[in-house]
Amino acid sequence: MTDTVTFIGLGTMGQPMVRNLARSVPVAVYDADPEAIAVAARNDGVTALTGLNGGVGAAVVILMLPNSTVVERVLGDPEDPESFAGRLRPGALVVDMGSSAPRATQQLAERLREREVGMVDAPVSGGPRKAATAELTIMAGGPVDDYERALPLLRAMGTSVTHVGPAGSAHALKALNNLLSAIGLVGALEVLTAGTKFGLDPRIMLDVINRSTGRNQSTEVKIGPEVLDGRFQVGFSLPLTVKDITTALDLSTSLDLSPEVSQACVRFCQAALAGLDGENPDQSEIARYMATTTGVDLTR
C-alpha cells in the first residue's frame with residue numbers, strides 16, 4: 001500500500017483517523033476549514049491539498065463527512081465531468097465512513113458503479129476516544145472485492161472490521177445501532193429519575209443495575225461519569241444523535257414498520273435538542289432536559 005489516499009473531512013473524528021491511517025499509507029487531506037487541514041498536515045505522512053480537486057486522482061478516496069447531503073455536495077453529480085465524482089478515474093474506490101442515509105448510499109453506489117468507480121460504506125462506532133487509539137468498530141457494506149480493497153485501510157483505523165452486506169447495509173446498521181444506544185440511554189435515565197423521585201440514591205441504583213439484567217452501555221460507561229458526576233462530555237453531540245436516530249426511524253417507516261418505542265425516543269431527543277441551550281449540546285445533556293421536565297436532577 002504505497003499509493004496516496006485522499007481523505008476528506010477533518011472534524012472531531014477525521015483528525016485522529018487521519019493520524020492513524022498515515023502510519024500505514026501516505027495521506028492527502030482536504031476540509032472546508034483551512035485550519036483543520038493545517039492541523040492534520042502536521043502529522044508525519046500527511047500532506048495538505050490546496051483544493052478539493054487536488055485529490056481526485058487517488059485510487060482510494062475516504063470521506064468522513066456528517067451526512068448524505070454533504071457527501072453529495074462534495075462529490076457532485078457522477079455524470080457531470082466537471083464534478084469531483086465525475087473526474088474520478090475508472091477503478092477508483094470511494095469509502096464513505098460518515099453516517100450517511102442508507103437509501104442515498106445505495107443510489108450513489110449505483111451511479112458510481114456506472115462509471116466503474118467502486119464504493120464501500122464504512123461507518124464507525126466508538127467516538128473520538130476510540131478513534132484516537134485506532135480501536136474503532138467499523139462496519140462495511142459493498143461488493144466483497146471492494147471491501148477487501150478497503151480492508152487494510154480500515155484496519156489502520158479500527159480493531160473490529162466486519163463486512164455486513166451490500167452497499168448501504170453498513171449505514172443502515174450504524175443508524176440502527178445508534179437508535180438502540182439512544183433508547184438505552186433515555187430508558188436508563190427515565191428509570192433512574194423514577195427511582196430518585198421515589199427516594200432511591202441514583203448512584204446505588206446504577207451500581208446495582210450494572211450488576212443486574214437492566215444494564216447497558218449507557219449505564220456502564222456514560223451515566224456515572226457524564227451525568228451523575230456532571231461532566232456531560234460523552235463526546236458525541238445531541239444534534240448528531242438526533243440525525244442518526246431519525247435516519248434509523250425513516251428506514252423503519254420506509255419498510256412499512258411503525259416502531260412505537262423508536263418513535264417515542266426520537267420525539268424525546270428532538271424535544272431535548274430544542275429545549276437545551278447551546279448550539280451543540282453533548283448527547284448526555286438529555287439528562288439536563290429530563291430534569292427540567294420532571295423536576296428530578298440526577299446530578300447531585
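Mentor: Let's start with a term: contact means heavy atoms within 4.5 Å. Keep in mind that this is a predicted model, where local features need pLDDT of at least 70, side-chain atom pairs count only at pLDDT 80 or more, and totals for chains, interfaces and linings use all residues. Residues are numbered from 1 along each chain as its sequence is written, and side-chain values use heavy atoms, with hydrogens and water left out.

Trainee: Which residues does Thr-299 touch, not counting residues up to four places away in sequence?

Mentor: Thr-299 touches Val-227, Leu-228, Gly-230 and Phe-232. Thr-299 itself is found in the segment after α13; helices (H or I, at least four residues) and strands (E, at least two) are DSSP runs, numbered from the N terminus.

Trainee: Why is Thr-299 called partly exposed?

Mentor: Buried means under 20% relative accessible area and exposed over 50%, with partly exposed in between (1.4 Å probe, protein chains only). Thr-299 has a relative accessible area of 29%, so Thr-299 is partly exposed.

Trainee: How far apart are Thr-299 and Thr-193 in sequence and in space?

Mentor: They are 106 residues apart in sequence and 11 Å apart in space, C-alpha to C-alpha.

Trainee: What makes a space a cavity?

Mentor: On a 1 Å grid over the protein atoms alone, a cavity is a set of points where a 1.4 Å probe fits but cannot get out, and lining residues have an atom within 4 Å of a point. Grid points are joined across faces, edges and corners, and a volume is the space filled by probe spheres set on the points. By this rule there are two cavities of 30 Å³ or more.

Trainee: What classes make up the lining of the second largest cavity?

Mentor: Ala, Val, Leu, Ile, Met, Phe, Trp, Tyr, Cys and Pro count as nonpolar, Asp, Glu, Lys and Arg as charged, and the others, Gly among them, as polar. That gives six nonpolar, one polar and no charged residues. The largest share of this lining, three residues, comes from α13.

Trainee: How do you know that β8 and β9 pair?

Mentor: Two strands pair if DSSP finds at least two bridges between them. Strands β8 (residues 136–141) and β9 (residues 158–165) have six bridges, in the parallel sense, and so they pair. In β9, His-163 is the bridge partner of Ala-140.

Key:
1 Å grid on protein atoms, 1.4 Å probe; cavity = no way out; pocket = protein on both sides within 12 Å on 5 of 7 lines; lining within 4 Å.
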